[in-house]
Amino acid sequence: MVNFLIVGIQRSGTTYIRRCLDSHSMIKCHGEVFQKRYRDPFGYYEYISGSLLRRTGNVLFRGLVVDRYLDYLSSASTEPFVGFKLMRSKVRRIPYRFPMLLGRLKRGDIKVIQIVRRNVLKTHLSRLSTQVSGRYHAKSDVDVTKLMVDTSCLISGLDKIRAENEWWLEFLSGTGSMVVEYENFVADKEAESRRILDFLGISHYEELSSANRKINPDDISELVMNYSEVASMLHDTRYEYCLKD
């Protein structure tokens, strides 16, 4: 069976941690298999396109089809621990389109690893950077794309990101999920990796790795052209810590 999910909001480090887990010899961690644009033979929509029966079943008997798909996803892997990533945009439709998956989560049949990026400003800047550069991930060093941040809507943007994280915590309440802070994982990958592996029930430790490279610098002042304006806007607010974190 599918053992776990990685969940989180956009630009919070979910892809990096997913690929790190996928590097473990006992783990197969897929990407966003329920996305229609997911380019992988193991994606859900690739699976249901295989026959007329499955296409019809996706509409009439979706619960049965999804259950069979999750079993297929597990049986297709040689690794004993299988998981995939699920983003909030897809989860919001779960109660209506994939209620059986929600049931598995609530029963604890599938363990959930929630990735949280503590610095919501860096999440916001990362989203802006992808809009400007078109780069979501990189496997080699890239030139920094400097940003001019619109401070008129900065606080509301950070409030929205904070609300997204809180939505996840509420949605997953009662599922026995674990929370992994992206910053902690980067700062002490071995300790956080061991914590995740223990949560999944894997006693065999291996150093986890990913080919992903950072796109944006850690120092926000190197990324934001109007940094002083941003710093002034965040001074004496709940987000002032983001300038130092």
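Reader: Which residues are exposed on the other side of helix 12?
Author: This is a predicted model, in which local features need pLDDT of at least 70, side-chain atom pairs count only at pLDDT 80 or more, and totals for chains, interfaces and linings use all residues. Residues are numbered from 1 along each chain as its sequence is written, and side-chain values use heavy atoms, with hydrogens and water left out. Helices (H or I, at least four residues) and strands (E, at least two) are DSSP runs numbered from the N terminus, and buried means under 20% relative accessible area, exposed over 50%, partly exposed in between (1.4 Å probe, protein chains only). In helix 12, the exposed residues on the other side are Ser228 and Ser232.

Reader: Against which helices do the buried residues of helix 12 pack?
Author: The buried residues of helix 12 include Val230, Ala231 and Leu234. They lie on the same side of helix 12 because they cover an arc of only 100° around the axis (taken from the directions from the helix axis to the C-beta atoms). By contact (heavy atoms within 4.5 Å), the buried residues of this helix pack against helix 8 and helix 9.

Reader: Which residues touch the most other members of the largest nonpolar core?
Author: A nonpolar core is a set of buried Ala, Val, Leu, Ile, Met, Phe, Trp, Tyr and Cys residues joined through side-chain atoms within 4.5 Å. The largest one holds 39 residues. Those that touch the most other members are Phe34, Tyr44, Tyr69, Phe84, Leu121 and Leu125.

Reader: Why is strand 3 largely enclosed by the rest of the structure?
Author: Phe81, Gly83, Lys85 and Met87 point one way from strand 3, while Val82, Phe84 and Leu86 point the other way, and all are buried. Strand 3 (residues 81–87) is therefore largely enclosed, the number of its seven residues that are buried being seven.

Reader: How many bridges join strand 1 to strand 3?
Author: Two strands pair if DSSP finds at least two bridges between them. Strand 1 (residues 4–8) and strand 3 run parallel, and Leu5 stands opposite Phe84. The number of bridges that join strand 1 to strand 3 is five.

Reader: How many disulfides does the count come to?
Author: A disulfide is a pair of cysteine sulfur atoms within 2.5 Å. Among the cysteines, Cys20 counts as buried at 0% relative accessibility, and Cys153 counts as partly exposed at 36%. By this rule, the count of disulfides is zero.
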